[in-house]
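The exercises below concern one protein structure. Please study the sequence and the model before working through the solutions.

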Amino acid sequence: MSSKRTLLITGGAGFIGSHVVRLFVNKYPDYAIVNLDNLTYAGNLENLKDIDTLPNYTFEKGDITDALYIDELFQKYQFDGVIHLAAESHVDRSITDPMAFVMTNVIGTVNLLNSARKLWAGNFEGKRFYHVSTDEVYGELHDPKEFFVETTKYDPRSPYSASKASSDHFVRAYNNTYKLPVVISNCSNNYGPNHFPEKLIPLMINNIKNNKPLPVYGKGENVRDWLYVLDHARAIDVIFHNGANGETYNIGGNNEWKNIDLVLLLCGIMDAKLGREAGESEKLITYVTDRAGHDLRYAIDAGKLMSELGWAPSVTFEVGLDRTVQWYLDNWSWIENITNGDYQNYYSKMYGA
Ligand code: NAD
Ligand code: TYD
């Protein structure tokens, strides 16, 4: 592959995408990076303000569901590679509005595949379509000794995971049918700076700081496997450059937490940082009605990525979580700018407060 490349990164104004864009723009000055994002409620250009004037970075505001526009964009920039992260990403929103997930996650992905196929027209030398997906496509685990591996049967159980599973199938089908060079990764739950405060960790940080109830779904016994977002971005870099054509790589932190234990941990960290008495914030914990169809446990076996491509997480959960909480406290205006807007409507619809 030549060192000069033009890459499309979709969803680069979102949580994970912004970390991927920053990593690529800083690490590969010879690459021209185009960030395509239509700035939904989850997209925020503030996430990229430290790199947005660099000469190898361009932002394009546009919608991946618009096939004509996507085609024109591919023609305009002549992309060699695509890293596709744009998506509707929140399970609770997928329960109230599944069609938005079909449109962006399924139709949007197929539009990108079609434009790549058309532009590359069978000449695939140096070309790559990287689809960023989730471990949620595998469904839920019950046996504590079981982990998701790349061959685990798909069993999506929420509209979000069904839409991501569908897009994964399309990506593999284009590899099989048209020989489009693709690679897919399925990652566990991410945490870190710039995480939108509808997701568990930033929502809890925000509510603890504001002395608001901490809504724990059901009994808080569901388990998630948490990975620091920068380690996900590093894995995407490794897989994009060294992953084998047509392959899938699972990414995860081998770091399982029951929701209630994680919320208690966050309460302890926040008490210490805010100078509150130990145990004060956990009084805010409120058990609320469970999420419909709530998956019990996700846990990733990232052995293939580690042994074949040499990736490993760079930070422990203790360090990553402390950095994350500190980032929110040091950048409180970031969360305030978000929670002052439409978020209020969303929050009161979800939690009635
Ligand atoms: P996010 O919701 O924070 O960001 C998504 C971005 O996509 C936003 O900037 C949004 O504006 C953009 N977008 C949405 N619809 C669009 C459209 N129609 N056209 C153009 N842009 C659009 O999501 P995230 O958490 O950063 O997730 C990024 C990707 O990683 C997703 O594909 C998600 O499925 C996957 N993933 C996320 C996690 C996680 O824990 N957050 C874990 C594994 C995989
Ligand atoms: P979330 O961050 O939405 O990620 P996902 O559903 O994709 O795993 O939720 C993580 C876990 O936390 C999940 O089991 C649902 C639970 N949860 C709560 O208990 N309370 C909340 O307010 C939220 C947003 C999530």
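Contact means that heavy atoms lie within 4.5 Å. Helices (H or I, at least four residues) and strands (E, at least two) are DSSP runs, numbered from the N terminus. The model is a predicted one, in which local features need pLDDT of at least 70 and side-chain atom pairs count only at pLDDT 80 or more, while totals for chains, interfaces and linings use all residues. Residues are numbered from 1 along each chain as its sequence is written, chains are lettered from A and ligands numbered from 1 in the order in which they are written, and side-chain values use heavy atoms, with hydrogens and water left out.

**Exercise 1. State which residues of helix α2 are buried and what they pack against.**

Step 1. Buried means under 20% relative accessible area, exposed means over 50%, and partly exposed lies in between (1.4 Å probe, protein chains only).

Step 2. Helix α2 spans residues 67–77, and its buried residues are Y69, I70, D71, L73, F74 and Y77.

Step 3. These buried residues pack against the strands β1, β2, β3 and β4 and against helix α4 (98–120).

Step 4. After α2 comes Q78, with a positive phi near 55°.

**Exercise 2. Describe helix α1: its length, its buried residues and their cover.**

Step 1. Helix α1 has 13 residues, and from its first C-alpha to its last it reaches 19 Å. This is close to the 18 Å expected at 1.5 Å a residue, where the expected span is 1.5 Å times one less than the number of residues.

Step 2. In α1, the buried residues are F15, G17, S18, H19, V20, V21, R22, F24 and V25.

Step 3. Their cover includes β1 (6–10), β2 (32–37), β3 (57–61), β4 (81–84), β7 (189–191) and helix α7.

**Exercise 3. Determine how α1 and α7 are arranged.**

Step 1. Two packed helices are described by the angle between their axes and the distance between the axes. Axes are lines fitted to C-alpha atoms, for helices over the stretch in contact, and angles run from 0 to 180 degrees between N-to-C directions.

Step 2. The axes of α1 (residues 15–27) and α7 (residues 229–242) are 9 Å apart, and the two helices pack at an angle of about 55°. Helix α1 is therefore oblique to α7. Angles under 35 degrees count as roughly parallel, over 145 as roughly antiparallel, 65 to 115 as roughly perpendicular and the rest as oblique.

Step 3. The crossing of α1 past α7 is right-handed; a crossing is right-handed if the near helix is turned clockwise from the far one by less than a right angle, and left-handed if anticlockwise.

Step 4. On the α1 side the contact is made by F15, I16, H19, V20, L23, F24 and K27, and on the α7 side by V229, L230, H232, A233, R234, I236, D237, F240 and H241.

Step 5. By class, this contact of α1 with α7 has ten nonpolar, three polar and three charged residues. Ala, Val, Leu, Ile, Met, Phe, Trp, Tyr, Cys and Pro count as nonpolar, Asp, Glu, Lys and Arg as charged, and the others, Gly among them, as polar.

**Exercise 4. Where does N211 lie, and what is its phi?**

Step 1. N211 is in the loop between α6 (200–209) and β8 (214–217).

Step 2. Its phi is near 55°, a positive value in a residue other than glycine.

Step 3. N211 counts as partly exposed because its relative accessibility is 48%.
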